[in-house]
Amino acid sequence: MTHRQRIAHIFAGRPTDRPGFWLGCPSEQVSEALRAHLGVADDDTLRQAMDDDFRWIVADRYYRHPEGKPIFDITGGGPPRRSLGQPGCFADCEDVRQVERFNWPDAKYLDLDTVRDLAGAGDDRWRWGGTWSMFFHVVSDFFGMENYFIKMHTHPAVVHAVTRHVVDFYLQANARVFREAGETVDTFFLGNDLGTQRGSLISPVMFRTFVLPYLRELIDQAKSF
């Protein structure tokens, strides 16, 4: 059974020769240890050596701004983020107009030549595609996690404004990827860590207000392709 047949069977609820396997997104230290243990030189060879069923094409990694800017400058040119609670550039924002003045990213700077090359690589693995679309993380970083959760109560319009811009970028970027990669992308991959080992990070009410509507937009768009 090939990788693609295996995953297709799993999604269809049919028997397979073994469970599907995805290496995921290990830290560099873990990847380095695995490469050394298996005697391979790069991560793609590592995945082949571990019989990974998936090829993960994260379009976000191929954002090429002409001035070298990141997709989301969460600290507004300040020091790099070192903790989830570190205040971002909207930590003290109380006015939606400040959000609108921010230099938001443009999906035209995605390097889709690279994405197409990866998607069309000659192997039989199942291909996750699109952008990671982890807007909950990104918006949290723009405020700092504690500030984010507090502003859901104190400044909801500001939270919605930041979320709108972040999700709009992902929608535009995914539309480009889905149109141009076509049949070489099998499944839309998106992820947001919304909970801990003890429970959810925010209440169901806050989830339904600030997360679920935007999650639906991303999923509906993917289904439309």
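Q: Where in this model is Y148 found?
A: The model is a predicted one, and in it Y148 sits in helix α7.

Q: Why is Y148 called buried?
A: Its relative accessible area comes out at 0%, and buried means under 20%. So Y148 counts as buried.

Q: Which residues does Y148 touch, leaving out those up to four places away in sequence?
A: They are F136, V139, S140, F143 and V159. Take F136: Y148 and F136 are 12 residues apart in sequence, with 9.9 Å from C-alpha to C-alpha.

Q: What makes α6 a mostly covered helix?
A: Count its residues: 8 of the 9 in α6 are buried. The buried ones are F135, F136, V138, V139, S140, D141, F142 and F143. What lies over them includes α7 (145-154), α8, α9 (204-210) and α10.

Q: What follows α6, and what is its phi?
A: G144 comes next, with a positive phi near 95 degrees.

Q: How do you know that α8 and α10 are roughly parallel?
A: Look at the crossing angle. The axes of α8 (residues 156-181) and α10 (residues 212-224) cross at roughly 10 degrees and come within 10 Å. Angles under 35 degrees count as roughly parallel, so that is what α8 and α10 are called.

Q: Which residues meet where α8 and α10 come together?
A: On the α8 side they are H160, T163, R164, V167, Y170, L171, N174, A175 and F178, and on the α10 side Y214, E217, L218, Q221 and A222.

Q: Why is the pair of W56 and W132 called edge-to-face?
A: There are two tests here, and the pair passes both. Ring centres have to lie within 6.5 Å, and the W56 and W132 rings are 5.1 Å apart, centre to centre. Planes over 60 degrees apart count as edge-to-face, and here the angle is 75 degrees. So W56 and W132 make an edge-to-face pair. The structure holds 29 aromatic pairs.

Q: What makes the W56 and W132 pair a link between distant parts of the chain?
A: The two residues are 76 residues apart: W56 is in strand β1 (residues 54-56), while W132 is in the loop between β2 (126-129) and α6 (135-143).

Q: Are W56 and W132 buried, partly exposed or exposed, and how do you know?
A: W56 has a relative accessible area of 12%, and the cut-off for buried is under 20%, so W56 is buried. W132 comes in at 24%.

Q: What makes R61 a charge over the face of W56?
A: R61 lies at 5.0 Å from the ring centre of W56, and the distance cut-off is 6 Å. R61 also lies over the face of the ring.

Q: Why does the F72 and F142 pair get the edge-to-face label?
A: The ring centres are 6.1 Å apart and the planes stand at 85 degrees. With limits of within 6.5 Å for the centres and over 60 degrees for the planes, the pair is edge-to-face.

Q: What parts does the F72 and F142 pair tie together?
A: F72 lies in the loop between β1 and α4 (96-101) and F142 in helix α6, so the linked parts are 70 residues apart in sequence. F72, at 13% relative accessibility, counts as buried. F142 counts as buried too, at 0%.

Q: How do you know that T131 and S133 make a polar contact?
A: The distance is 2.8 Å between the side chain of T131 and that of S133, and the limit is within 3.5 Å. T131 lies in the loop between β2 and α6, and S133 lies in the loop between β2 and α6 as well. T131 is buried at 1% relative accessible area, and S133 counts as buried at 0%. Beyond its sequence neighbours, T131 touches A59, D60, Y170, A173, N174, F188 and F189.

Q: Why is D51 called partly exposed?
A: D51 has 35% relative accessibility, which falls between the 20% and 50% cut-offs, so it counts as partly exposed. D51 lies in the loop between α3 (43-49) and β1.

Conventions. Residues are numbered from 1 along each chain as its sequence is written. This is a predicted model: local features need pLDDT of at least 70, side-chain atom pairs count only at pLDDT 80 or more; totals for chains, interfaces and linings use all residues. Side-chain values use heavy atoms; hydrogens and water are left out. Rings of Phe, Tyr and Trp (its six-membered ring) pair if their centres lie within 6.5 Å; planes under 30 degrees apart count as stacked, over 60 as edge-to-face and the rest as tilted. Helices (H or I, at least four residues) and strands (E, at least two) are DSSP runs, numbered from the N terminus. Buried means under 20% relative accessible area, exposed over 50%, partly exposed in between (1.4 Å probe, protein chains only). A charge sits over a ring if NZ of Lys or CZ of Arg is within 6 Å of the ring centre and within 35 degrees of the ring normal. A polar contact is a pair of N or O atoms within 3.5 Å; within protein, one must be able to donate a hydrogen and the other to accept it, and residues adjacent in sequence count only if both atoms are side-chain atoms. Contact means heavy atoms within 4.5 Å. Axes are lines fitted to C-alpha atoms, for helices over the stretch in contact, and angles run from 0 to 180 degrees between N-to-C directions. Angles under 35 degrees count as roughly parallel, over 145 as roughly antiparallel, 65 to 115 as roughly perpendicular and the rest as oblique.
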